[in-house]
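Good morning, everyone. Let's take a quick look at some ring contacts. Please have the structure up on your screens.

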Amino acid sequence: MRILITGCNGQLGNEMQLLEKENQQHTYFNTDVAELDITDEEAINRFVTDNEIDGIVNCAAYTAVDKAEENQELCHKLNATAPGLLAKAIEKRGGWMIQISTDYVFDGTNHRPYTEQDSVCPNSTYGRTKLEGEQEVTNGCKRSMIIRTAWLYSTFGNNFVKTMIRLGKEKPELGVIFDQIGTPTYARDLAVAIFAAINQGIVPGIYHFSNEGVISWYDFTKAIHRIAGINTCHVRPLHTSEYPTPAARPHYSVLDKTKIKQTYNIEIPYWETSLAECIALLGTD
């Protein structure tokens, strides 16, 4: 198959590129904004047609959650309009599409892991635009998969793990929120799941994916410091109300992964196992 990967310079896009070397039965077109403007319908149609693309994995998104409240138009263009354009372009070729979405489509009032059947109710611009992107892709491409994920990190780009390691080395004390509960996702594990779907065949629908387990941002930070060998920084728990942000975050956004595990017969690693793998790689960079 000939596969277009958008957002190839991001965390997930970079992990996809690493795994392409293990999946050489396909031809890949790795693009970011310099190679393909995904807000330009004509450019998308031309690229997909000229390169005879069979499938698209859209890793591109506007992910600055707080800045999205000020930049709503750009956020909407990248998270809602662009995925719809990609979906329509690949549908013309009878192809498939995988769209990456987010736990922010939920308001976080649940007290049990969210399934794909649970009602969506985003409470931020980021969440609303990502939900609209889901709908655009589902309506635009019959063979489409939506994969919602959460708390993404990797050795690439800027993310929570890297920030906590840096701050842990720089500061004697850190305050981190303890009343927002979820599960981190190592981008490499998500990329492995995406390739499982590609290689086994796209089963259209909505899926949830994160690592296994449940923690708060506070617990996550404590684990990051312990695994990274940082013991000079005191981490104290904060209430969300003590750390106000422009965008609201879900208080509880644990995702139920049963559907993707059963559909593709995959085993998802425990969050701490994957965190240790990532930190080990960061230590060798």
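Are Tyr104 and Tyr126 buried or exposed? Tyr104 is buried, and Tyr126 is buried too. Buried means under 20% relative accessible area, exposed over 50%, and partly exposed in between, with a 1.4 Å probe and protein chains only.

A word on the source. This is a predicted model: local features need pLDDT of at least 70, side-chain atom pairs count only at pLDDT 80 or more, and totals for chains, interfaces and linings use all residues. Residues are numbered from 1 along each chain as its sequence is written, and side-chain values use heavy atoms, with hydrogens and water left out.

Now the rings. Rings of Phe, Tyr and Trp (its six-membered ring) pair if their centres lie within 6.5 Å; planes under 30 degrees apart count as stacked, over 60 as edge-to-face and the rest as tilted. That rule gives 14 aromatic pairs.

Take Tyr28 and Phe195. Their ring centres are 6.1 Å apart and their planes stand at 75 degrees, so this pair is edge-to-face. Tyr28 sits in strand E2 and Phe195 in helix H6 (residues 187-200), so the pair ties together parts 167 residues apart in sequence. Helices (H or I, at least four residues) and strands (E, at least two) are DSSP runs, numbered from the N terminus. Tyr28 and Phe195 are both buried.

Back to Tyr104 and Tyr126. This aromatic pair is edge-to-face, with 5.4 Å centre to centre and 80 degrees between the planes.

Last, a cluster. Ring pairs link its members, among them Trp151, Tyr186 and Trp271.
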